Amino acid sequence: MKGLIKKDIFMLKNNTRYFLIFTLFYFLVSLNQTEPGSSTTFILPFLTIVMMISTFSYDEFNNWFSYAAALPNGRKNVVKSKYAITGITTVLSTLLSIFLAFIISNIKGNFSYSEMLSYLIGSVFACIFMTSIIYPFLFKYGSEKGRLVIFAISSMTVGAIVLLSKISNIKIPSRIVSILTGYGLLLLIIASVLMITISYFISKKIFTKKEF
Amino acid sequence: MNNIIEIKNLVKQYEDGFKLGPIDLEIPRGIIVGLIGENGAGKTTLIKSILNIITPTEGTIEMSIDDQESPLEEVGIVLDNAFFPEILTPKDIDESMKDIFKNWDSELFYKYLRNFKIEGGKQIRTFSKGMRKKLEIATSLAHHPKLLILDEPTSGLDPVVRDEVLDIFLEFMQDEEHTILLSTHITSDLEHIADRIVFIKDGKVTLEKDKDEILDNYGILKCDEEFFKKIEKEDILFYKKEKYEIKVLVENKNKISKKYKNSIIDKITLEDLMILTIKGDEIR
Amino acid sequence: MNLIISNNSNVPIYEQIKNAIINQIISDELKEDDPLPSIRNLAQDIKISIMTIKKAYDELEEEGYIVTRQGKGSFVASKNTELVREKARKDIEEHILEIIDISAKFNIEKEDILDSFEFLYRSDRK
């Protein structure tokens with residue numbers, strides 16, 4: 001599996017430049033904002049997912065999965081390594097976001113560090129949910145159709161939030177913040193572990209049966 | 001001679017109607033087996049079935065390889081149009097493969113790269129088609145496999161490079177335990193180096209013989225209509241009527257040339273054989 | 001050892017290899033106990049399939065021109081004059097068969113052929 005993880009890291013390496021440019025851009029944007037609610041540090045986990053999905057399209061373009069299936073333990077490890085590398089990159093980008101949030105709150109003074117952190121936690125969990133749903137689709141239908149799924153899920157989520165806030169007349173973002181404390185957080189962690197596990201086994205099942 | 005691969009009653013049925021098999025095939029250890037047939041005949045499907053890239057509908061494929069736990073450790077592959085993503089470099093491939101194959105030999109890999117004049121630090125997408133194939137071949141050999149399974153390994157290569165590649169295959173064959181199964185539509189490659197020919201037509205194996213037996217026994221009898229009428233039906237395997245002559249595929253050309261006085265019988269090439277069996281007619 | 005193989009000849013390649021080696025044994029270019037290249041080595045050097053060369057070697061061994069020692073390879077056998085003569089006789093027979101073929105095709109009498117054989121044989125041996 002180590003070899004396959006390395007391969008994905010080499011692929012991501014090609015995009016690190018863009019990742020860093022984006023990060024810098026959002027960092028500067030955040031510095032010029034007045035409200036912490038619109039702080040953009042929580043965009044980084046999403047960016048990571050987008051980069052991961054792009055590795056799928058590169059893989060497909062050269063029929064890598066077909067080749068990988070004929071490597072020792074290929075079928076077993078391709079799925080495992082994709083989930084592992086996604087975990088690693090998500091953790092890394094989260095750490096980077098925390099670091100940036102820390103800097104921003106220090107520079108700006110009036111920004112609440114904990115509030116920014118709550119947004120970040122929210123975005124990380126959103127990413128975990130998205131990954132869990134998208135990956136089985138990516139393994140089953142490929143990145144082209146996978147993108148459609150991402151689009152559908154994100155627009156449905158945004159739609160739901162907008163609708164909810166219209167109906168209940170409360171500020172959803174601040175509700176999220178309050179959820180993310182105490183038992184809410186614990187519940188989220190359990191839910192995401194459960195989702196990612198189920199997702200992994202579905203993907204594995206899809207991939208072991210897949211024909212290329 | 002023992003067999004490295006034994007295929008029994010292999011069938012692969014596709015939803016679009018294409019059907020491979022039923023195929024029974026044995027690949028003997030220690031020789032080069034060439035798979036020929038027109039595009040779409042089922043060569044790639046057969047190779048992918050052997051490599052477990054696709055799952056057969058019916059039948060069994062057995063590989064007798066020492067490492068039973070993961071037999072693919074000992075198999076080197078070149079697939080038609082499937083490889084590492086092209087944004088990677090040969091160096092990246094080396095680094096990754098080190099942890100994929102137990103026996104990956106970086107030194108050997110770089111030796112092949114040098115021989116092929118491939119730069120390790122450049123992205124694959126900057127390479128020409130021939131360079132890519134050479135890189136794929138280098139990759140297939142660098143973990144000291146015992147069996148090479150190659151789908152169209154020489155396509156896209158110019159004659160000089162093809163010659164180099166065939167040399168590498170023959171070098172690989174210096175070990176008596178080594179076996180190559182390769183598919184190709186460039187039949188002249190096989191005329192030189194293959195020991196055995198497996199001919200696939202419409203998903204079925206229509207001919208499976210030692211190459212010498214084909215080249216030394218089969219012949220093309222060329223004649224006119226009048227002569228053609230005199231040939232006994234059982235002597236005609238396939239025939240093709242052309243504007244000025246009729247070409248007849250015959251077996252046992254020495255016997256035939258004695259049987260039919262004044263007959264003109266040409267030596268056969270694998271290409272002739274392919275064309276006559278695909279485009280020609282049978283008498284039935 | 002020299003090996004010149006024609007891809008266009010009607011003589012099978014294994015036979016060409018075989019004949020080339022026999023000729024070199026007869027002409028003493030290859031002497032008793034001289035080692036022959038291994039089958040796989042030769043295959044690589046002249047770019048001809050392994051089984052073709054194996055067939056040539058097998059027949060050479062069967063006919064007593066070479067011996068294979070386990071683990072050491074193939075060597076030229078001790079020259080057997082009777083064997084060489086036998087080979088010559090076989091060659092002659094083949095030529096005679098060809099003569100018969102041609103004479104049948106053009107209705108030439110056996111006596112005519114024997115006459116010309118006598119004549120040519122005598123003038124050549126003078």
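Chain A and chain C have no contact with each other, and their closest C-alpha atoms lie 28 Å apart. Keep in mind as you look around that this is a predicted model. Two pairs of chains are in contact, and of these, chains A and B share the most contacts.

**How the chains meet**

- The contact between chains A and B draws on 22 residues from chain A and 26 residues from chain B.
- On the side of chain A that touches chain B, at least two residues come from each of three helices: H1 (2-13), H3 (43-61) and H4 (64-69) of chain A.
- H1(A) gives the largest share of that side, with six residues.
- By residue type, the side of chain A that touches chain B holds 11 nonpolar residues, six polar ones and five charged ones.

**Chain B as a whole**

- Chain B contains 10 helices and 13 strands.
- If you follow the C-alpha trace of chain B along its principal axes, it spans about 70 × 40 × 40 Å.
- Chain B has 284 residues, and buried residues make up 43% of them.
- Take the contacts in chain B between residues at least 6 apart in sequence: 71% of these join residues at least 24 apart.

**A three-stranded sheet in chain B**

- Three strands of chain B form an open sheet, in the order E2-E1-E4, with antiparallel pairing.
- Strand E2 (19-28) and strand E4 (58-63) of chain B each have a single partner strand and stand at the edges, so one side of each lacks a neighbour in the sheet.
- From one strand to the next, the twist averages 10°.
- Strand E1 (residues 3-13) of chain B runs antiparallel to E4(B), and five bridges join the two.
- For a specific pair to find in the structure, look at Ile7(B), whose bridge partner in E4(B) is Ile61(B).

**The helix on the sheet**

- Which helix packs on this sheet of chain B? Helix H1 (residues 43-50) of chain B does, touching E1, E2 and E4 of chain B.
- The direction of H1(B) makes about 115° with that of E1(B).

**Where to look again**

Key. Residues numbered from 1 in each chain as written. Chains lettered and ligands numbered in written order. Predicted model: local features only at pLDDT ≥ 70, side-chain atom pairs only at ≥ 80, totals over all residues. Contact = placed C-beta atoms within 7 Å. Helix = DSSP H or I, 4+ residues; strand = E, 2+ residues; numbered from the N terminus. Nonpolar A, V, L, I, M, F, W, Y, C, P; charged D, E, K, R; others polar. Pairing = 2+ DSSP bridges. Axes fitted to C-alpha atoms, helices over the stretch in contact; angles between N-to-C directions. Buried ≥ 20, exposed ≤ 12 C-beta atoms within 10 Å, placed from the backbone.
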